[in-house]
Amino acid sequence: MEAFPEWGRLVKVLRGKDRGGCAVIIGIEDDRFVLIADGNKHRFDDPKKKNLLHLELLPAVSSEVADSMRETGRVTNAKLRFAIQKYNERKGE
C-alpha cells in the first residue's frame, strides 16, 4: 500500500533546514506541494510549504489531527506535537 498526502499524515523531512524532523500535513496545495506543521517551529498559523519530493510520507496518520481538520478546519499546536511524540514513541525513538 502506497502512502498518499492527506490531512494528519505524518512525514519525515528529507531536505532543507528541518531535515530529519517529523511534521504533520495540515494542508494540500496541489499535486506537488503540501503545508506541514510540527507545533513548535512551524505552528498551525505559520505552516511550511514543502515539495512532496522533499518529504517521506510515513505510514502513520493521526486521527486526532484529521478529525479536527475535518470538523473545524483547524488543529491545535499541542495536538500536532502530541501526534509526532506518539509516533516517535511507537517506533522507539
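Buried denotes a relative accessible area under 20%, exposed one over 50%, and partly exposed a value in between (1.4 Å probe, protein chains only). By these cut-offs Lys 86 is partly exposed, with a relative accessible area of 38%.

The model is predicted: local features need pLDDT of at least 70, side-chain atom pairs count only at pLDDT 80 or more, and totals for chains, interfaces and linings use all residues. Residues are numbered from 1 along each chain as its sequence is written, and side-chain values use heavy atoms, with hydrogens and water left out.

**Exercise 1. The chain as a whole**

Task: State which elements the chain has and in what order they run from the N terminus.

Solution. 
Step 1. Helices (H or I, at least four residues) and strands (E, at least two) are DSSP runs, numbered from the N terminus.
Step 2. The chain has two helices and five strands.
Step 3. Their order from the N terminus is β-β-β-β-β-α-α.
Step 4. The radius of gyration is 12 Å, close to the 12 Å that the globule rule gives for 93 residues, so the chain is as compact as a globular protein of that length. Here the radius is taken over C-alpha atoms, and the rule is 2.2 Å times the number of residues to the power 0.38.
Step 5. Of the 93 residues, 40% are buried.

**Exercise 2. Helix α2**

Task: Determine which residues of α2 are buried and what covers them.

Solution. 
Step 1. Helix α2 comprises residues 77–91, and its 15 residues reach 22 Å from first C-alpha to last, close to the 21 Å expected at 1.5 Å a residue. The expected span is 1.5 Å times one less than the number of residues.
Step 2. The buried residues of α2 are Asn 77, Leu 80, Ala 83, Ile 84, Tyr 87 and Asn 88.
Step 3. Viewed down the axis of α2, these buried residues fall within an arc of 130 degrees, so they line one face of the helix. The arc is that of the directions from the helix axis to the C-beta atoms.
Step 4. The face turned away from the buried side carries the exposed residues Glu 89 and Arg 90.
Step 5. The cover of the buried residues includes β1 (9–13), β2 (22–28), β3 (33–37), β5 and α1 (63–72).
Step 6. Just after α2, Gly 92 takes a positive phi of about 90 degrees.

**Exercise 3. Salt bridges**

Solution. 
Step 1. A salt bridge is a side-chain nitrogen of Lys or Arg within 4 Å of a carboxyl oxygen of Asp or Glu. The structure holds five salt bridges.
Step 2. The side chains of Glu 64 and Lys 86 meet in one of them (3.4 Å, N to O).
Step 3. Glu 64 counts as partly exposed at 32% relative accessibility.

**Exercise 4. Val 61 and its contacts**

Task: Identify what Val 61 touches, not counting residues up to four places away in sequence.

Solution. 
Step 1. Val 61 lies in strand β5 (residues 55–61).
Step 2. Contact means heavy atoms within 4.5 Å; Val 61 touches Glu 6, Trp 7, Gly 8 and Arg 9.
Step 3. The side chains of Glu 6 and Arg 9 meet in a salt bridge (2.7 Å, N to O).
Step 4. Arg 9 is buried, with a relative accessible area of 4%, whereas Glu 6 is partly exposed at 23%.
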